[in-house]
Amino acid sequence: MAQHQVNYTQSGGLPVALTTVDKILNWGRSNSVWALTYGLACCAIEMMASGASRYDFDRFGTIFRASPRQADLMIVAGTLTKKHAEFIRRLYDQMTEPKWVISMGSCANTGGMFNTYATVQGVDRVIPVDLYLPGCAPRPETLQYAVMLLQQKIRRESANKSQKPKRLV
Amino acid sequence: MQQTNKLRPFFENLEFERDDNHMVINFGPQHPSAHGQLRLILELDGEQVVRAVPDIGYLHRGMEKMAENMIYNEFLPTTDRMDYIAATANNYGFALAVERLIGLEVPRRAQVIRTMLLELNRIISHLFWLATHALDVGAMSVFLYCFREREFAMDLMEDYCGARLTHSAVRIGGVPLDLPEGWLGALAKFVNELPSNIKDYEDLLTENRIWRMRLEGVGVVPPEMARSWGCTGIMLRGSGIEYDIRKEEPYELYDELEFDIPVTDTCDSYGRYKLYMEEMRQSVRIIQQLIAMYDDTPPELMAHAPQYISAPKEDIMTQNYSLMQHFVLVTQGMRPPVGEVYVPTESPKGELGFYINSQGEPYPYRLKMRAPSFWHCGILQDLLPGTYIADIVTIIGSTNIVFGEIDR
């Protein structure tokens, strides 16, 4: 039983917030970006560090999931080799829409220092990428900033339409 | 037999669809507990592994081939990306091999700094191993605690060389920088606090019933198996064979330092876990001795060998001949004498060796890296059969493999 009564006409109005479906869906989506544990090489260590105690990714609602079916975001952390390229595409296709990709580090962006017969020169040749992170390896702060930028991007998008097909480079 | 009209997954000579009760499953290459990109093809009888075939090469970046087209100093940052958990150990292994090839004497202060960095990296690597291994086995809080301590060590590395992961802090002929102001104090504070933190982890794990059940008697490597598979490092010492290159073939300052090599003959994952904890304590002991050594060393940091190593910055800026030599060394690279060298070092994972064949050119004719994880990965095909599927993750974790090193 409420012991006190609030007079809504005087003290601050009714407890009602007005918003659009787009905004509230995107608010939920952008604050629970679950990432796939896609550690390939050195950057994976920094990705783990950003999930661990000091940098604490959970503050952003970003929790690492081991299954592509539970993930919204694929952080490609490390060198993609030609032998592995098939699997990254398959895992990307298994993720449910809407989905986003962060390419973490020089190797994932452009092949980086490994301009050899074995490496894919940029993951954007295989899957579409939303954000590119420079650095070798990028610091955990960089990855967190990227997730914050991605959250802004998600909030700008329309929530109820299917995603536009993204361009492969 | 592969039929073109029907998609049947197959791997080498392994049929996935079978008529008997055996099941073939695919582990990796993108498994969160695969420590990178390990792919295992497992043949199961119920929950027991009958056959295990590790499939590697998913992180093959062609480093050895790259080395043949790079001058020696240019290749040094590439070695960072091999065992990326302890980058300094790789830098050092490569630098030491080139130094032996050209017969350089490294100044004492550089030796002290290098040994400090090596041992600090060993602590970083072992903490990381404990964190991931505990996470794989299911102890999430140990992961968070270990990463807390690891970040202090990473801050020290960052203060010294500016990078968290890929250091390139050890150069051919010495180290590029002296220790910054107040660094030794911070290092002393870190190593003095570490033993109490290690005790915290041990309190959480050593007598923990789940931890013991998951680790004791799991992944037993008999000494003969360890020898025949070329195991080194803790994989070998966990099987009761006392072999550490820091003692057998001392390099750097290890012959002047006092430390013990922990050995156990339990041969299982639990024994290896105890060795890792003990090795961290020994690294603390080594660093404490090195801190005392640092002060009475002369200030030189790079070896004096004008033919191979650039002169100090002041000389380059003031003396014309030093500038010319520096220009030649940067644009063309040093030309080591004709010859070949193999230098093993004790990286946190085991014997890390660099073989260099030089034809007197600025580029190595052949550079081969002997990475310990490669051999520890191969042992899986003998180690896994007979174990249960739930123990696979424990066994992979306790071998401490890292894929940048295996596939190179």
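**Figure 1. Helix 4 of chain A gives the largest share of the lining of the largest cavity, three residues.** The model shown here and in the other views is predicted. A search of the whole structure finds one cavity of 30 Å³ or more, and the space in the largest cavity comes to about 60 Å³. Helix 2 (42-51) and helix 4 (105-110) of chain A each contribute at least two lining residues. The lining includes Cys42(A), Cys43(A), Gly105(A), Ser106(A) and Cys107(A), and Arg61(B) and Arg81(B) are also among the lining residues. By class, the lining consists of five nonpolar, five polar and two charged residues.

**Figure 2. Cys42(A), a residue of the cavity lining, is buried at 7% relative accessibility.** The closest cysteine sulfur to that of Cys42(A) belongs to Cys43(A) and lies 6.2 Å away, too far for a bond. A disulfide requires two cysteine sulfur atoms within 2.5 Å. Over all chains, the search finds zero disulfides.

**Figure 3. Cys377(B) is buried, with 2% relative accessibility.** Its closest cysteine sulfur is in Cys231(B), at 11 Å. Cys377(B) therefore has no cysteine sulfur close enough for a bond.

**Figure 4. Asp244(B) sits in the loop between helix 9 (234-237) and helix 10 (245-248) of chain B.** The relative accessible area of Asp244(B) is 1%, so this residue counts as buried. Apart from neighbours within four places in sequence, Asp244(B) contacts Arg237(B), Ile261(B), Glu279(B) and Glu346(B).

Notes: Residues numbered from 1 in each chain as written. Chains lettered and ligands numbered in written order. Predicted model: local features only at pLDDT ≥ 70, side-chain atom pairs only at ≥ 80, totals over all residues. Heavy atoms only, no water. Buried < 20%, exposed > 50% of the residue type's maximum accessible area, 1.4 Å probe, protein only. Helix = DSSP H or I, 4+ residues; strand = E, 2+ residues; numbered from the N terminus. Contact = heavy atoms within 4.5 Å. 1 Å grid on protein atoms, 1.4 Å probe; cavity = no way out; pocket = protein on both sides within 12 Å on 5 of 7 lines; lining within 4 Å. Points joined across faces, edges and corners; volume = space filled by probe spheres on them. Nonpolar A, V, L, I, M, F, W, Y, C, P; charged D, E, K, R; others polar.
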